[in-house]
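Below are some notes in numbered points, for you to read with the model open beside you.

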Amino acid sequence: MSELYSKAETVMLRKKYLGPSCKVFFAKDPLKIVRAKGQYMFDENGEQYLDCINNVAHVGHSHPEVIKAAVKQMELLNTNSRFLHDSIVEYAKRLSETLPEKLSVCYFANSGSEANDLALRLARQYRDHQDVITLDHAYHGHVSSLIEISPYKFRKGKDVKKEFVHVAPTPDIYRGKYREDHPDPAGAYADEVKKIIEEAQKNGRKIAAFIAESMQSCGGQVIPPAGYFQKVAEYVHKAGGVFIADEVQVGFGRIGKHFWSFQMYGEDFVPDIVTMGKPMGNGHPLSCVVTTQEIAEAFSASGMEYFNTYGGNPVSCAIGLAVLDIIEKEDLQGNATQVGNYLIELLKKQKAKHPLIGDIRGIGFFIGIDLVKDQQKRTPATAEAQHIIYKMKEQRILMSADGPHRNVLKIKPPMCFTKEDAKFMVEQLDKILTVLEEATGPKSERLNEASSNSASDSTSQAGENTNKKRNGLYEEKHTVPGKRIRT
């Protein structure tokens with residue numbers, strides 16, 4: 001495939017013309033990807049990489065049916081939603097059919113950030129309340145209104161928490177405030193939200209919304225305990241607020257059994273607003289907010305029109321419809337269940353074998369591997385996590401690490417990921433963990449030194465290629481010592 005520039009030239013031009021805060025994976029030896037197909041990506045030399053992290057190419061990179069739908073519609077018409085066209089209403093209808101009955105009104109946009117920003121506007125207009133409760137370590141988007149409610153971002157920068165933002169503890173039963181040995185972790189975490197509401201009301205503040213990913217991604221692949229969201233919704237509704245479920249990263253069948261992740265918590269839990277994005281267009285910019293008729297009417301009563309130049313355009317809707325068709329036609333939810341269960345079982349066997357693995361959590365194609373230095377203390381193995389993702393890259397497997405301590409390996413591949421892919425990935429992980437654990441001992445602090453350089457960005461450093469030079473992290477010693485609620 002022809003390239004405009006060599007890899008070195010691309011790196012140089014990127015540094016010259018793009019902002020320095022625009023980061024890349026594996027900064028010391030970044031990948032130059034020139035094409036992708038299914039669950040595989042290819043660099044400029046034709047090397048194939050197994051993609052274990054791309055939840056945007058939901059039905060697989062370069063899916064022919066998505067391309068066909070885009071080209072066909074683009075040749076015919078692309079315009080804005082102020083003109084009547086059938087694809088926007090057909091797409092809204094199809095999306096609504098996947099959701100509980102009361103969630104029936106759609107607003108289309110182009111990104112998860114746009115969707116979550118609009119969700120806040122809907123929530124605040126509904127009863128003219130302002131305050132928002134968010135979870136610690138949450139990330140909801142890059143625009144100003146969302147940075148304000150994303151501790152994952154504002155805690156790292158110079159921004160301070162705004163007075164209308166209230167941060168609740170992450171409902172993490174592995175390393176959070178209330179753990180799996182607590183008699184009622186869901187109730188305990190929900191009571192933290194109740195306390196926040198009561199304190200806010202004492203200060204004369206009014207809660208507009210509670211917002212949370214149905215499963216927290218950047219926060220470390222955290223699945224809240226069963227019953228938590230029901231209790232939180234009850235407290236928020238009593239305060240006059242609404243519940244926003246952010247499905248931008250975790251929707252469209254990723255968990256297998258259900259189309260939307262919030263549905264796994266039971267039929268008695270229905271959010272007031274649902275946002276969706278990333279996988280929606282399989283890489284094409286497309287997002288949506290779905291809400292109730294009552295909230296939509298309150299938003300309309302403000303007198304301000306909602307218009308988005310590209311939101312819901314015919315090409316985007318054609319692509320969105322194609323993605324829905326592929327999910328159904330290729331039974332990608334069934335694949336997420338079958339392959340996801342298989343992968344989790346393989347990883348649980350690795351947990352029994354490797355003291356570095358503290359916890360395996362997940363469902364379908366949303367899985368986290370929590371790495372620890374000490375099984376009892378659950379000390380985050382941050383440096384080890386960074387080291388592992390670089391060694392996996394050398395084996396042509398793309399992974400990332402996230403969470404508050406950057407110690408959780410994230411697995412969220414395209415939905416066409418196979419059992420063979422899962423087996424290959426786990427085999428390579430096993431080898432890397434084995435070598436790492438055999439090589440570590442009490443004499444070296446090099447992994448800890450590495451963590452100080454890489455903890456702020458799990459993709460900021462790449463290790464040396466072992467085909468050319470032995471990685472120094474293996475050469476010295478470092479000690480690595482050692483009940484999930486079902487969903």
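1. Let me start with the contacts of Ile 196. Leaving aside neighbours within four places in sequence, Ile 196 is in contact with Ile 133, His 166, Val 167 and Ala 168, where contact means heavy atoms within 4.5 Å. The residue belongs to helix α7, residues 185-202; helices (H or I, at least four residues) and strands (E, at least two) are DSSP runs, numbered from the N terminus. Ile 196 has a relative accessible area of 15%, so it counts as buried; buried means under 20% relative accessible area, exposed over 50% and partly exposed in between, with a 1.4 Å probe and protein chains only. Its C-alpha atom is separated by 9.8 Å from that of Ile 207, 11 residues apart along the chain.

2. A word on the basis of these notes. This is a predicted model, in which local features need pLDDT of at least 70 and side-chain atom pairs count only at pLDDT 80 or more, while totals for chains, interfaces and linings use all residues. Residues are numbered from 1 along each chain as its sequence is written, and side-chain values use heavy atoms, with hydrogens and water left out.

3. Please look next at Ile 133, in strand β5 (residues 131-135). With a relative accessible area of 0%, Ile 133 is buried. Not counting residues up to four places away in sequence, Ile 133 touches His 166, Ala 168, Val 193, Ile 196, Ile 197, Ile 207, Ala 209, Phe 210 and Ile 211. Ile 133 and Val 165 are 32 residues apart in sequence, and their C-alpha atoms are 6.0 Å apart in space.

4. Val 236 and Ile 133 are 103 residues apart in sequence but 9.2 Å apart in space, C-alpha to C-alpha. Beyond four places in sequence, Val 236 touches Ile 197, Phe 210, Gly 241 and Val 242.

5. How many aromatic pairs are there? The count comes to 18, taking rings of Phe, Tyr and Trp (its six-membered ring) as paired if their centres lie within 6.5 Å; planes under 30 degrees apart count as stacked, over 60 as edge-to-face and the rest as tilted. One of these pairs, Phe 252 with Trp 260, is edge-to-face, at 4.8 Å centre to centre and 65° between the planes. Phe 262 and Phe 269 have ring centres 6.3 Å apart and planes at 85°, so that pair is edge-to-face. Phe 262 is buried at 0% relative accessibility, and Phe 269 is buried at 3%. Ring pairs also link Phe 210, Tyr 228, Phe 229, Phe 243, Phe 262, Tyr 265 and Phe 269 into a cluster.

6. Two backbone values deserve a look. Most residues other than glycine have a negative phi. Phe 252, however, has a phi near 65°, a positive value; it lies in the loop between β8 (242-246) and β9 (273-276) and is buried at 0% relative accessibility. Arg 406 has a phi near 55°, again a positive value. Arg 406 sits in the loop between β15 (400-402) and β16 (408-411) and counts as buried at 8% relative accessibility.

7. Where do helices α4 and α9 meet? The axes of α4 (residues 112-127) and α9 (residues 293-300) come within 8 Å and cross at roughly 85°, axes being lines fitted to C-alpha atoms over the stretch in contact, with angles from 0 to 180 degrees between N-to-C directions. That makes α4 roughly perpendicular to α9; angles of 65 to 115 degrees count as roughly perpendicular, under 35 as roughly parallel, over 145 as roughly antiparallel and the rest as oblique. The contact is made by Leu 118, Arg 121, Leu 122, Gln 125 and Tyr 126 of α4 with Glu 294, Ile 295, Ala 298 and Phe 299 of α9.

8. Last, Val 289 in strand β10 (residues 287-291). Val 289 is buried, with a relative accessible area of 1%. Its contacts, leaving out residues up to four places away in sequence, include Leu 118 and Leu 122 as well as Ile 273, Val 274 and Thr 275. The C-alpha atoms of Val 289 and Asp 117 are separated by 9.7 Å, although the two are 172 residues apart along the chain.
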